[in-house]
Amino acid sequence: MAIRQLPDRGNSMETFQEILGQKMTEALDASGLPQAGAVTPATDARFGDYQSNAALILGKQLGENPRAIAQRILDAYDLWDLCDPPTIAGAGFINFTLRSETIAAHTGDLLRDERLGVEKAATPKRIVIDFGSPNVAKPMHVGHIRSTVLGDALARIASFLGHEVIRDNHIGDWGTQFGMVIYGWKHLLDRAALERDPIAELVRIYKETNEKATSDPKVREAVREELVKLQAGDPENFSIWKETVDLSLKEFERAYQVLDIHYDIQRGESFYNDRLPTVVERLLKSGIAEVSEGAVCVFFRDIPELGEKPAIIRKSDGGFNYTTTDIATVDYRIQDLKADTVWLVVGAPQILHFKQIIAIARREGYTADFRHVTFGSILGEDRKLMKTRSGENVPLRDLLDEAVQRARKIIEEKNPDLSESEKVDIAQKVGIGAVKYYDLSQYRMTDYIFSWDRMLSFQGNTAPYLQNAYVRIRSIFRKAAVAVPLWGALDGANPAKITLITPEEKSLALKLSQFAEVVPSMLNDFRPNLLANYLYELANAFHSFYEACPVLKSEEPARSSRLGLCELSARVLAKGLDLLGINVPEKM
RNA sequence: GCGCUCAUAGCUCAGCCGGAUAGAGCAUCGGAUUUCUAAUCCGACGGUCGGAGGUUCGAGUCCUCCUGGGCGCGCCA
């Protein structure tokens, strides 16, 4: 979208929620009542635009009639002509209906604000976000979608809110599987196959070695020795390991290009290797860890849910495991990266593990805020974990290719006149956007059933539906003789005059003003689906407006006002989708 | 056995701190277009929110128990 650079107006804009909330605070003070509840958007348009349940809460606390309290509040309430006189309804709800002029003026302000009304966080934090975490020598698969897409969206949202974000890919590049890989590399490797498809060949040698090791104790022993040699720093094994890591990183990077997801740092498990002995010694010295059955363990006897479940940080054979690595990772992120908070976007099965890690961090005196952001699984049509027909994980590469192909097919049916380069671009944006949006639009904890038809549908809460709303707007501006009639106004010199006549215009404008309320709320519980819901409602409101209100054919001043609504809708849609990591095409 | 998590319309899913008659999309049925992209819009039909208690002015939401699914629980990651 060709947005001219606008001035950053900082935190000068307040949302209606904040303004009304402030008014409520003052009114409660003036009434001699304690503070209670927040002003929220109305649960139903019939009740107005916003509501307060303060009187209900206070009625309970004070043992008085809620409606009487509501009246007492309203008697002290100064609305500054912001809305119609508030009404008391039901058990004691206070309903606010904003005046059209109020919303119109606010919409004009939004058109002049680069941040679309979204305030920056009052206290910016340095946040390390750990997401993605694929394993070396294995293909990325469908199981990586949720962590990768969710983590990226959270990173985009946090950045937009003014936080300093460090995206870290905690790659699985160390561990017992390398005994297999190195043995396979030495005995089974097909160099030509490796050239053609490195990951496929690495998987093949891993699998074949695994089979041999299962049936042949000699191979099993040889595999173990290769691992020991690698860990001891044997030059040959180290260089094989390094090569597999490099090949894998190259492969991951291809997926990240397609997904338009990028990391600030990629600290794999191997990065922490030389820190592990120190970690164990330190924990032993401080008494946090103790030796049990030959292993070094941390017990959590004071935490009921962890009581019977110690964390092993050094095995009885002297080796370290991933718990040790993750403790070293905490050290690095807090001490070296100076993080205020760490978000671990890792699936729910590891809840116990991260509870242990976080508990250990607490005992070590770390005060940073650690959040384990969990999520459910992706299921196939059979409601079981999504697999290929042969029972394997679905490779991410195949899945993304198919998304783009399917999108392309739909576009060719619906809009065959597009040029080849346009089709390529649109198929990419629609296909990848559909996959991401389908994931992000659902509550992260629920398992969801993967369905091409549903995610690529142009109806309902899907990326194509939202992208289409944007495309329609862009089409209006292409049709308009003047390419960017409002941009002058956007500089602030000559603001577009917004007038809201029809109900569709008013509800669209109100919806647009609420972007600034929704964006910050997402980080309360890491819920991008709240933004997705909002964008769907916005696109819906826009489409209703589009049906009811001709833009280019209408007379001034409605025409300019409606163009302004279109422009702001496009910007909010594009920005909202961008925060979810989704791009918008100009045509489709 | 212990722990985490989920259960909402025929299907897929929303429902933030407890708030008004539980919402969408698909499917089914009925309308709107010589179009600013109908790829859309408007409407109808469809629910004992897994079950049973409890907390209170009010529970899909909080507590207890039960049923069912998924996942995890000392030397894999």
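A residue counts as near a molecule or strand if one of its heavy atoms lies within 4 Å of it. The model is predicted: local features need pLDDT of at least 70, side-chain atom pairs count only at pLDDT 80 or more, and totals for chains, interfaces and linings use all residues. Residues are numbered from 1 along each chain as its sequence is written, chains are lettered from A and ligands numbered from 1 in the order in which they are written, and side-chain values use heavy atoms, with hydrogens and water left out.

View 1. Sugar or phosphate accounts for 61% of the RNA strand B atoms within 4 Å of the protein, and bases for the rest.

**View 2. Polar contacts to RNA strand B (pairs of N or O atoms within 3.5 Å).** Look for Lys 479, where a polar side-chain atom sits 3.0 Å from a phosphate oxygen of RNA strand B. In Asn 533, a side-chain N or O atom is 2.5 Å from a sugar or linking oxygen of the RNA strand. Leu 552 uses its backbone instead: an N or O atom there lies 3.3 Å from a base oxygen.

**View 3. A sheet of 3 strands.** Strands here are DSSP runs (E, at least two residues), numbered from the N terminus, and two of them pair if DSSP finds at least two bridges between them. The open sheet has the order β7-β8-β9, with antiparallel pairing. Because β7 (289-292) and β9 (311-314) each have a single partner strand, one side of each is left without a neighbour in the sheet. Cys 297 stands opposite Ile 312 in β9.

How values were computed
Helices (H or I, at least four residues) and strands (E, at least two) are DSSP runs, numbered from the N terminus. A polar contact is a pair of N or O atoms within 3.5 Å; within protein, one must be able to donate a hydrogen and the other to accept it, and residues adjacent in sequence count only if both atoms are side-chain atoms.
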